[in-house]
Amino acid sequence: MLEQSLKHKTDRRHFLIGSAMLAGGLAMPAMVRAETRSISVNSWGGSWLDAARANLFDPFTVETGIGIETVSPVSFAKLAAQVKTGVYEFDVTTLGAAELLRANQSGLLEDLEEPYPGGLLQNGVGSHAFGTLMAWRSDKYGNEPKSWADFWDVERFPGSRSLQRYPARVLPIALLADGVDKKDLYPLDVDRAFASLDRIKKHVVVWWTAGEQSAQILRDGEVDMIGIWNSRYFAAQDAGSPVAMTWNECILDKAYWVVARNTPNGDAARQFVKFATSAGPLAGFVTAQQDGPLNPAALKLIEPAQAKRMPTNTRYADLVVSQDIENFGIEPAELAERFEEWILG
C-alpha cells in the first residue's frame with residue numbers, strides 16, 4: 001500500500017508540474033540540452049508541441065538531466081532514410097497504427113519493452129488516442145441523429161455533409177453506415193465500403209484535410225453534419241456554436257511512441273518513451289490536447305469533466321470502435337491510392 005501511495009504521488013506530481021508549466025507559460029526552450037546527454041524528438045509542432053514540451057519534454061529533462069531538442073514535421077520518409085544512412089536527425093517519433101506496422105515490418109524500429117499492461121504493439125508504445133465522431137448543427141437537427149446510418153440518411157436528415165479526406169477513417173464509417181456491426185467491421189469489406197461511399201459522395205461538400213478546418217466549417221454552419229475529431233468538435237462547442245455529437249460508432253485512432261533503429265541515443269530514447277507514457281506526464285499531455293490516454297492509470301489523474309471529453313474513457317467502451325490495422329483487409333498505401341482515384345472520379 002505504501003509503494004502504491006508513493007507511486008500515485010509521483011504520478012500526480014508529474015501531472016501537476018506539466019500542467020503548471022503549460023498554464024504559466026514556463027515551458028523551457030527546445031534548444032536547452034543536458035550537459036552531456038540529449039535526444040531529438042520528431043514533433044508535430046503547434047499546439048501539440050506546446051503540450052508535449054510542458055508536460056513531457058521539460059519534466060523529463062528536470063527528472064533525468066537529459067535534454068530534448070525537436071524537429072518538425074513528423075515524417076515517415078525521414079525515419080526510413082536515417083535508419084538506412086545512419087545519419088540521425090531524430091531519435092524518437094510518434095506513428096499511427098498503419099505507419100507503425102509498416103515501420104516495424106521494414107526494420108526501422110528499436111525493440112521496446114511493455115511499460116504498462118497492453119501498452120506495446122509492434123515495437124510502439126501506446127500514448128494516446130483521438131476519435132472521429134459524428135457531429136451536427138443542433139439548430140438544424142436537434143438531438144435526433146444517432147449513428148452513421150443517420151449521416152447517410154439524407155431523406156430524413158437533408159443537408160450538407162463533410163468527411164475527412166482520409167480513407168483509413170472514412171471506410172469503416174461507410175461500412176457502419178451500411179449496417180455492418182462493430183464487431184464484424186474488420187477486415188474491411190473494401191468493395192462494400194466504396195459502394196456505400198458512392199451513395200453519400202454527392203452530399204459531401206467538403207472533404208476536409210486539417211483539424212481546424214473541420215471545426216471552422218461546423219462552427220460557421222458551412223456544413224450541417226460532419227465526421228470530426230473529438231478535440232475539434234469540443235473546440236466548436238466551446239466557441240458557443242449550436243452543435244451536438246454522439247460517441248456511438250466513434251472511430252478510434254491510436255498514436256505510438258517509437259525509437260529509431262540503431263540510434264546512438266537508444267538508451268536515453270527508451271527512457272523518454274517510458275516516461276512519456278507513464279500516468280502523470282501522459283495525463284497532463286492528453287488534458288492539454290483533449291485526447292484520450294492509452295495508459296488506463298492516466299485517466300485516474302484527470303478531472304472528471306475533462307475525462308468526459310476523452311474517447312478512451314471507459315464509459316464509452318461499448319460505443320467506440322478501435323481501428324484494427326493488423327486485420328485491416330487491405331494495404332494502407334493501396335487503399336490511399338484507390339480512395340484518391342475515387343475522390344477525383
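Visitor: Let's start with H4: what do its buried residues pack against?

Guide: Contact here means heavy atoms within 4.5 Å. On that basis, the buried residues of H4 pack against helix H3 (76-85) and helix H15 (332-344), plus the strands E3 (92-96), E4 (120-121), E5 (124-137) and E9 (243-259). Keep in mind that this is a predicted model, where local features need pLDDT of at least 70 and side-chain atom pairs count only at pLDDT 80 or more, while totals for chains, interfaces and linings use all residues. Residues are numbered from 1 along each chain as its sequence is written, and side-chain values use heavy atoms, with hydrogens and water left out.

Visitor: Which residues of H4 are buried?

Guide: Buried is under 20% relative accessible area, exposed over 50%, partly exposed in between (1.4 Å probe, protein chains only). In H4, which covers residues 97-105, Ala97, Ala98, Leu100, Leu101 and Ala103 are buried. Just after H4, Gly107 has a positive phi of about 70°.

Visitor: And how many helices and strands does the chain have?

Guide: Both are DSSP runs numbered from the N terminus: helices are H or I with at least four residues, strands E with at least two. This chain has 15 helices and 11 strands. Of its 345 residues, 54% are buried. As for contacts between residues at least 6 apart in sequence, 70% join residues at least 24 apart.

Visitor: Take Ser162 in strand E6. Is Ser162 buried or exposed?

Guide: Buried, with a relative accessible area of 0%. Strand E6 spans residues 161-164. Skip the neighbours within four places in sequence, and Ser162 is in contact with Phe151, Val204, Val206, Trp208, Ile217, Val223, Met225, Ile226 and Gly227.

Visitor: Now the rings. How many aromatic pairs are there?

Guide: Rings of Phe, Tyr and Trp (its six-membered ring) pair if their centres lie within 6.5 Å; planes under 30 degrees apart are stacked, over 60 edge-to-face, the rest tilted. The count here is 20 aromatic pairs. One of them is Trp48 with Phe57, edge-to-face at 6.5 Å centre to centre and 65° between the planes. Trp48 and Phe57 are both buried. Phe60 and Phe272 make another edge-to-face pair, with 5.4 Å between centres and 80° between planes.

Visitor: What does the pair of Phe60 and Phe272 tie together?

Guide: Phe60 lies in helix H2 (residues 46-64) and Phe272 in helix H11 (residues 266-276), so the pair ties together parts 212 residues apart in sequence. Phe60 is buried at a relative accessible area of 1%, and Phe272 is buried too, at 0%. Ring pairs also link Trp48, Phe57, Phe60, Trp257, Phe272, Phe275 and Phe285 into a cluster.

Visitor: H2 also packs with helix H12. At what angle do H2 and H12 pack?

Guide: Axes are lines fitted to C-alpha atoms, for helices over the stretch in contact, with angles from 0 to 180 degrees between N-to-C directions. H2 and H12 (residues 279-289) pack at about 155°, their axes 9 Å apart. The two helices are therefore roughly antiparallel (over 145 degrees; under 35 is roughly parallel, 65 to 115 roughly perpendicular, the rest oblique). On the H2 side, the contact is made by Ser47, Trp48, Ala51, Ala52, Asn55 and Leu56, and on the H12 side by Pro281, Leu282, Gly284, Phe285, Ala288 and Gln289.

Visitor: What is the relative accessible area of Ala288?

Guide: Ala288, in helix H12, is partly exposed at 34%.
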